[in-house]
Amino acid sequence: MTRVLVLGENTFPFHAIDEKRDAFAAALEGYDVTITTDRDALTGEYDVLVDYLTDSSLTDEQLDALLTHVESGGGYVGVHCASDLTSVAADDPDEVLDHNEEPFPELRELVGGHFLTHPEDSEFGVDVVAEHAITEGVDDFSVFDEPYQVAVDDDLQVLATMDHPDLDEYPVVWTNEDEGRVAYISLGHTDEALAHDSFVTLLRNAVDWADAN
C-alpha cells in the first residue's frame with residue numbers, strides 16, 4: 001500500500017491543515033496516509049509527499065531529506081499553497097504573513113513554478129490540455145476555488161489550464177519530470193474544491209503516478 005505523507009501547518013487560518021484534514025483523508029481513502037504538521041516527518045519513511053505548506057521554511061536536514069527522497073525516486077505532489085514559495089510566518093504578532101523577495105531556490109527548482117498572486121475566490125473552468133496518467137478519467141470541469149496566478153518554467157508538462165473570465169490560461173496541473181516524479185495541482189483552497197470529484201481524481205492519479213514503486 002502506498003504510504004502518503006500529507007504535510008501541512010496551522011500557522012495560517014486560510015490554509016490550516018486541521019481544517020482540511022477530513023477532506024484529505026476522504027480524498028486519499030485506501031492509501032496508508034499520515035497527515036501531520038511535523039516537518040521532521042520529511043526525514044522518515046514514505047512513498048509520496050503531498051505538500052500543503054504555505055510557509056515552506058525547512059531546516060537543512062528536512063530539506064536534504066525531501067530532495068534526497070525525490071532524487072531517489074520518491075514522489076512529490078504539491079497541492080495549492082505548496083507553490084507559494086515566498087510567504088513565511090510574520091515575526092510581527094499583528095501580521096499574519098511576511099514575504100521573501102525570492103522563492104526558496106531549491107523548492108522553486110523542484111516544483112518548477114511558483115505562486116504570484118490571486119484574485120478573490122470564484123467559479124472558473126479547468127481545461128484538460130494533455131493526456132496523461134494524472135488526467136485519466138478527468139474531463140473539463142468548473143470549480144469554486146482560489147484561482148492561482150503562477151510563474152512556471154518552459155520545460156514543464158502542463159496538463160490542465162485555467163479558464164477564467166478575467167485571467168490568462170494559467171497552468172493548473174503540471175509535472176516536472178526533469179526533477180523526478182514531481183506533480184503540482186493549484187486547486188485546493190476551498191472545501192468545495194477539495195471535495196470536488198475531479199480534484200479527488202487528479203490527486204489520487206497524481207499520487208499513483210508519483211509512486212514509482
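The model is predicted: local features need pLDDT of at least 70 and side-chain atom pairs count only at pLDDT 80 or more, while totals for chains, interfaces and linings use all residues. Residues are numbered from 1 along each chain as its sequence is written, and side-chain values use heavy atoms, with hydrogens and water left out.

**Domain**
- The unreviewed UniProt entry places the feature "domain: ThuA-like" at residues 3–210; such annotations may be inferred rather than shown by experiment.
- Residues 3–210 are 24% helix and 30% strand, and the end C-alpha atoms lie 11 Å apart.
- Helices (H or I, at least four residues) and strands (E, at least two) are DSSP runs, numbered from the N terminus.

**Negative patch**
- Asp38, Asp40, Asp60, Glu61, Asp64, Glu106 and Glu109 form a surface patch of negative charge.
- Helix H2 (60–71) and helix H3 (105–111) are the elements that give two or more residues to this patch, and H2 gives the most, with three.
- Patch residues have over 30% relative accessible area and no salt bridge, and like charges are joined within 9 Å.
- A salt bridge is a side-chain nitrogen of Lys or Arg within 4 Å of a carboxyl oxygen of Asp or Glu.
- Asp64 is in helix H2 and is partly exposed, at 47% relative accessibility.

**Loop residue Glu120**
- Glu120 sits in the loop between strand S7 (113–117) and strand S8 (122–128).
- Glu120 is exposed, with a relative accessible area of 66%.
- Buried means under 20% relative accessible area, exposed over 50%, and partly exposed in between (1.4 Å probe, protein chains only).

Conventions:
Patch = residues over 30% accessible without salt bridge, like charges linked within 9 Å, V, L, I, M, F, W, Y side chains within 5 Å. Areas by Shrake-Rupley, 256 points an atom, 1.4 Å probe, with all protein chains shown as cover. Lys, Arg positive; Asp, Glu negative; His and termini not counted. Charge placed at Lys NZ, Arg CZ, Asp CG, Glu CD.
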